[in-house]
Amino acid sequence: MSLFTEPRRFPLDPPRHRGWLEVICGSMFSGKTEELIRRLTRARIARQRVEIFKPALDTRYHAQDVVSHNHTSIRSTPVQLPSEILLLAGGGTDVVGIDEAQFFDESLVDVCRQLADGGTRVIVAGLDMDFRGRPFGPMPALLATAEFVTKVHAVCVCCGELAAYSYRTVPSASQVLLGETEAYEARCRPCFLAGEAAQPLRDPARQGAAGR
Ligand SMILES: [Zn+2]
């Protein structure tokens with residue numbers, strides 16, 4: 001694994017192209033939010049104007065903060081729709097951070113493009129796959145259109161390998177299920193598949209039902 005470092009901007013070299021999109025993706029417990037907070041904190045140290053947003057439905061810990069599992073946190077603004085980010089971040093914001101991006105609808109992709117086109121550094125963190133291992137919400141299009149992509153990994157709770165899957169430990173077929181520490185564990189591919197095989201009835205797709 002290599003350590004991601006931010007794209008360099010030399011102080012004596014005025015940037016000609018300021019805006020771009022970075023995506024931090026991975027499973028639950030992979031450190032996505034910690035990495036987002038690390039980058040945003042560094043931007044603040046560089047005296048850049050930083051705004052952070054997250055979907056209003058993600059109220060696991062605190063409505064105002066982006067909070068990661070190790071309890072580092074940073075002030076954020078909950079929004080219902082991606083279009084609110086354009087309104088709230090307009091005018092002089094250097095860096096826009098967006099956490100839990102998988103919960104936004106597809107319009108987030110165009111919002112991120114508009115921000116980056118307009119000169120903003122956009123850093124998006126989110127789950128790349130849902131609990132069935134399928135691409136999650138707007139994440140595939142964000143990954144495709146980003147200049148920089150970082151996939152972070154958790155550790156498989158079964159075998160200790162690198163984990164890319166969020167295995168749901170409770171019987172629910174809903175794509176969105178909050179309260180993750182009790183309901184999910186990080187697993188590698190073989191351990192994820194073994195778990196799925198052990199409880200096939202909780203997944204409607206495996207019974208022929210359509211939709212999520
Ligand atoms: Zn494993």
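A nonpolar core is understood here as a set of buried Ala, Val, Leu, Ile, Met, Phe, Trp, Tyr and Cys residues joined through C-beta atoms within 7 Å. The model under discussion is a predicted one. Its largest nonpolar core has 47 residues, and those with the most contacts inside it are Ala101, Cys112, Val122, Val124 and Leu142. Helix α3, residues 107-117, supplies the largest share of this core, namely six residues.

Six strands form an open sheet in the order β5-β2-β6-β7-β1-β8, with parallel pairing. Strands β5 (77-79) and β8 (148-152) stand at the edges; each has a single partner strand, so one side of each is left without a neighbour in the sheet. From one strand to the next, the twist averages 20°. Strands of a sheet pair through backbone hydrogen bonds, either parallel or antiparallel.

Within this arrangement, strand β1 (residues 20-26) pairs with strand β7 (residues 121-127) in the parallel sense over seven bridges. Leu21 stands opposite Val122 in β7, and Gly26 stands opposite Leu127 in β7. Five bridges join β1 to β8, and these two strands also run parallel; here Gly26 stands opposite Val152 in β8. Six of the seven residues of β1 are buried, so this strand is largely enclosed by the rest of the structure.

Helix α3 lies across β1, β6 and β7, and runs at about 155° to β7. The buried residues of α3 are Leu108, Val109, Val111, Cys112, Leu115 and Ala116. Seen down the axis of α3, these residues fall within an arc of 165°, so they line one face of the helix. They pack against β1, α2, β6, β7 and α4 (139-145). Gly119 follows α3 and has a positive phi, near 105°.

Helix α2, residues 82-89, can be described in similar terms. Pro82, Ile85 and Ala89 are buried in α2. They cover an arc of only 35° around the axis, which puts them on the same side of α2. The elements that cover the buried residues of α2 include β2 (50-55), β5, β6 and α3. Gly91 follows α2, and its phi is positive, near 80°.

There remains the annotated position. Which residue does the UniProt annotation "active site" cover? According to the unreviewed UniProt entry, the residue is Glu100. Glu100 is found in the loop between β6 (95-98) and α3. Is Glu100 buried or exposed? Because 23 other C-beta atoms lie within 10 Å, Glu100 is buried; the criterion for burial is 20 or more such atoms.

Thr33 is buried because 23 other C-beta atoms lie within 10 Å.

Methods: Residues are numbered from 1 along each chain as its sequence is written. This is a predicted model: local features need pLDDT of at least 70, side-chain atom pairs count only at pLDDT 80 or more; totals for chains, interfaces and linings use all residues. A residue is buried if 20 or more other C-beta atoms lie within 10 Å of its own, exposed if 12 or fewer, and partly exposed in between; C-beta atoms are placed from the backbone. Helices (H or I, at least four residues) and strands (E, at least two) are DSSP runs, numbered from the N terminus. UniProt positions are given in the numbering used here, feature names are shortened, and annotations may be inferred rather than shown by experiment. Two strands pair if DSSP finds at least two bridges between them. Axes are lines fitted to C-alpha atoms, for helices over the stretch in contact, and angles run from 0 to 180 degrees between N-to-C directions. Two residues are in contact if their C-beta atoms, placed from the backbone, lie within 7 Å. The arc is that of the directions from the helix axis to the C-beta atoms.
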